[in-house]
Amino acid sequence: MSDEPAIGALSGRRIALPETRELNRLARMLEEQGAETLRCPMVAIKDAPDPAPVRDWIMRLPFDDLILFTGEGLRRLHGFAQRLDLEAGFLDALRSARKITRGPKPERALRELDLKSDLRAEEPTTDGLIATLSAHDLQGRRVGVQLYPGNPNTKFTDFLRDAGAEPDTVLPYVYASAADDARVAGLIDRMAEGGVDVIAFTSSPQVERLFEVAKATKREAVLGTALRATAIAAVGPVVAGELQRRGLKVTITPDHSYFMKPLVSAIVEALSN
C-alpha cells in the first residue's frame with residue numbers, strides 16, 4: 001500500500017500560514033490535501049540596505065571555511081556578487097572553501113549552484129554546529145560566517161575564536177514587516193475564536209512578528225487564547241525552540257528533514273489521527 005496520504009486528508013481543516021518566500025508552494029501542498037489556507041505573510045526578506053559591508057566581505061574571499069546558516073543568506077550573497085560583477089570570483093571561492101551548513105536549507109541553496117556541503121551540523125542549530133566543529137582542528141583557519149537578522153551569534157563566533165580560528169561575519173539580508181498590523185491582528189482574533197485548526201511557522205521571525213503585533217494592538221491576552229485554541233506546527237527545532245521559549249507547546253513538527261514537504265506530511269498525520 002502507498003504511504004502517501006489520500007487526497008482530501010485535510011478536507012474541512014483551516015491552516016494559517018505566516019510564510020513569505022515559499023508561501024504559494026506551501027499553500028498549494030496543503031490545498032492539494034483539501035485544506036483551506038489563510039495566507040498571512042508575517043515577514044518580508046530584503047537585501048541588506050548598505051551593500052558596502054557585503055561587498056567588502058566578498059572581496060575578502062576565499063576563506064578556509066564557510067559557515068552557512070541559511071539558504072536565503074547564500075542566495076542573497078550570490079545576488080550581491082552578480083550585481084557587483086564579482087560572480088566568477090565568488091563561485092571560485094565557494095568551490096575552494098570547506099562549506100559547512102547548519103541544516104538542509106543552505107544545502108539546497110548550494111545545490112542550486114552545483115555545489116554541495118562538505119560538513120553538516122549534527123543538529124540544525126548553533127549548538128549542533130559547535131558540537132560538529134569541536135571535533136575538527138580550527139587553529140589558524142579563516143572562517144567566513146553568514147549570519148541572519150536578529151542574531152549576531154556571539155556564542156558561535158566566540159567558540160571559533162576560542163578554537164583558534166579567525167571568524168569573519170556577513171549579514172546579507174534584513175527582515176521587514178510584510179502583512180500590515182491589521183491583517184495580523186485579524187488572524188489573531190480568528191484564531192482566538194477557534195476558527196483555525198493549525199498555524200504553521202517556518203521561521204523564528206514569524207513568531208516574533210506575531211507577538212510584536214499582539215503587543216502593538218493590545219492583544220497579548222487574545223494571542224494567548226488564540227495559541228491555546230490552535231495547534232502549533234514548526235518546521236524544525238530552531239523555530240520550535242523560539243516557540244517553546246515563549247512558553248508555547250509545539251504539537252506538530254517533522255521528525256527529521258526540516259523542509260516544507262515533511263512539515264505538510266506531519267500536519268496531515270496529526271490531523272488524521
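## Helix packing, an open sheet and salt bridges

Helices α9 and α11 pack with their axes 8 Å apart, at an angle of about 25°. That makes α9 roughly parallel to α11, where angles under 35 degrees count as roughly parallel, over 145 as roughly antiparallel, 65 to 115 as roughly perpendicular and the rest as oblique. Axes here are lines fitted to C-alpha atoms, for helices over the stretch in contact, and angles run from 0 to 180 degrees between N-to-C directions. Helices (H or I, at least four residues) and strands (E, at least two) are DSSP runs, numbered from the N terminus.

A word on what you are looking at: this is a predicted model, in which local features need pLDDT of at least 70 and side-chain atom pairs count only at pLDDT 80 or more, while totals for chains, interfaces and linings use all residues. Residues are numbered from 1 along each chain as its sequence is written, and side-chain values use heavy atoms, with hydrogens and water left out.

### Around α9

On the α9 side, Ser204, Val207 and Glu208 meet Val238, Val239, Glu242 and Leu243 of α11; contact means heavy atoms within 4.5 Å. Sorted by class, the contact of α9 with α11 has four nonpolar, one polar and two charged residues. For this sorting, Ala, Val, Leu, Ile, Met, Phe, Trp, Tyr, Cys and Pro count as nonpolar, Asp, Glu, Lys and Arg as charged, and the others, Gly among them, as polar.

Helix α9 (residues 204-216) also meets helix α10 (residues 220-229): their axes come within 7 Å and cross at roughly 135°. The two helices are therefore oblique to each other. Leu210, Phe211, Ala214 and Lys215 of α9 make this contact with Glu220, Leu223 and Leu227 of α10. Here the classes are five nonpolar, no polar and two charged residues.

### α2 against α3

Now to another helix pair. The axes of α2 and helix α3 (residues 71-83) come within 10 Å and cross at roughly 90°, which means that α2 is roughly perpendicular to α3. Pro51, Val54, Trp57 and Ile58 come from α2, and Leu77, Phe80 and Ala81 from α3. The contact of α2 with α3 has seven nonpolar residues, with no polar and no charged ones.

### The open sheet

Four strands form an open sheet in the order β2-β1-β10-β11, with parallel pairing; two strands pair if DSSP finds at least two bridges between them. At the edges are β2 (36-39) and β11 (231-234), each pairing on one side only. From one strand to the next, the twist averages 25°. Strand β1 (residues 14-17) and strand β10 (residues 198-201) run parallel and are joined by two bridges, and Ala16 stands opposite Ile199 in β10. Lying across β1, β2 and β10 is helix α8 (residues 181-192), which runs at about 140° to β2.

### Salt bridges

Side chains of opposite charge can pair when their charged atoms come close. The structure holds 25 salt bridges, each defined as a side-chain nitrogen of Lys or Arg within 4 Å of a carboxyl oxygen of Asp or Glu. Here are some of them:

| Salt bridge | Distance, N to O |
|---|---|
| Asp168 and Arg60 | 2.7 Å |
| Glu242 and Arg245 | 2.8 Å |
| Arg246 and Glu242 | 2.9 Å |

The side chains of Asp168 and Arg60 meet in a salt bridge. Asp168 lies in strand β8 (residues 166-170) and Arg60 in the loop between α2 (51-59) and β4 (65-68), so this pair ties together parts that are 108 residues apart in sequence. Asp168 is buried at 13% relative accessible area, whereas Arg60 is partly exposed at 36%. Buried means under 20% relative accessible area, exposed over 50%, and partly exposed in between (1.4 Å probe, protein chains only).

Glu242 brings us back to the contact with α9. Glu242 and Arg245 are three residues apart in helix α11 (residues 237-245), so about one helical turn separates them. Glu242 is buried, with a relative accessible area of 11%, while Arg245 is exposed at 57% and Arg246 is partly exposed at 29%.

Elsewhere, a network of salt bridges links Arg21, Glu22, Arg25, Asp47, Glu72, Arg76, Arg83 and Arg108.

### A look at Thr126

Thr126 has its place in helix α6 (residues 126-133) and is buried, with a relative accessible area of 14%. Leaving aside residues up to four places away in sequence, Thr126 touches Phe69, Arg102, Asn153 and Phe156.
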